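Try each task before you read its solution.

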Amino acid sequence: MNNWWQELIYGNSFQDWMVALGIIVVGGIILYALKKVVVGQLKKWAAKTSTTIDDVIVAGIEHSVIPVVYVFVIYSAIYYLTIPEVIMSKLKIVFWIVVMFYILRSVTAVVRHLIFGKLEEKEDSEARKKQANGLVLIINITIWIVGFVFLLDNMGYNIGTLIAGLGIGGIAIALAAQTILGDLFSYFIIYFDKPFEIGDFIIFDDKAGVVGAIGLKTTRINTLSGEQLICSNKDLTDSRVHNFGRMQKRRVVFKLGVVHQTPAEVVKEIPQLVKDIIQVDKDVRYDRGHFMNFGNTSLDFEFVFYIPGADYTVYMDKQQRIFLEILETFQKKDIKLAHPIQTVFLQDKTKDYAGFSSAEKNN
């Protein structure tokens, strides 16, 4: 019996194999119990708090710390056995890769939470989060690269040569991808300087639409005609952009003209009539109204008022109401709006400039 128990299998006795298996099983049971009991209680506690950082910590313990500990348990069980050095060195590499994976995943999760948590305090947080996805992606890639280099350094590799190679390769890539890097830097300009954000209505060059998404290279704009316009970030930062999404008020200037036969007393009344019509709406701020010009076909007036906000439909509704009331008021008071007409005087060619006809001259 004892001989069978001590019989060697791949360089280890059956007893050693059982001990290693026991370490894995017992460690797994303990970790499973900790996950169910301790982590379960931590989740309930975190759900009651007003902050979210504790939820991230609990999630990190559940999805990163416990898996790392379980990998350590497996590594301890393997280390207990007599394993050839060549195989053991490979297993160490695998162990450190797995550990580094979970560590980096926890770090990126914390960074993502800190960025998005800060954005939660801002207005239009959902739009800002969409815009920040590109920034978070770049930070995550940087963290993973740094972690990978750190791992290679701890494994004994000479990272100086690797970094030098990456530097030379980076210069070559930068020269070959100037357009892409230009769009990438433009993305950072858009993100930090915020000339426009998702949901803003913008006009640049001869294009107009609502910003739908801002990516690392391109910005997607939903145009008024329905299609999606995709343009590079660099084109936007190099252009003059009219951002109507941040319009605080809309200035409206309109002109109207009445016929020249309008009595002077009525002409004096027109600015006050129009002012009273505009000021009926409390949301509309009247600025000025003047008799401004003797036109060729009309007596011209100019009026200015302001409408708060950037909603185009609201602007058109209020302007329509004002114009309709002006038309109704003018019709009631028999004030005639001028039309661009011309009066043509015809001359009788049978008469000379003195007004005599040829027959009358002969007599």
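**Exercise 1: The chain as a whole**

The chain has 11 helices and 10 strands. Both are DSSP runs, numbered from the N terminus: helices are H or I with at least four residues, strands are E with at least two. The model is predicted, so local features need pLDDT of at least 70, side-chain atom pairs count only at pLDDT 80 or more, and totals for chains, interfaces and linings use all residues. Residues are numbered from 1 along each chain as its sequence is written, and side-chain values use heavy atoms, with hydrogens and water left out.

Task: state what share of the residues is buried.

Solution. Start with the cut-off: buried means under 20% relative accessible area (1.4 Å probe, protein chains only). Then apply it: of the 363 residues, 32% count as buried.

**Exercise 2: A hairpin**

Task: describe how strands E9 and E10 pair.

Solution. 
- Recall the rule: two strands pair if DSSP finds at least two bridges between them.
- Locate the strands: E9 covers residues 285-294 and E10 covers residues 299-308.
- Count the bridges: eight join E9 to E10.
- Read the direction: the two strands run antiparallel.
- Look between the strands: four residues lie there, and E9 and E10 form a hairpin.

Methods:
Buried means under 20% relative accessible area, exposed over 50%, partly exposed in between (1.4 Å probe, protein chains only).
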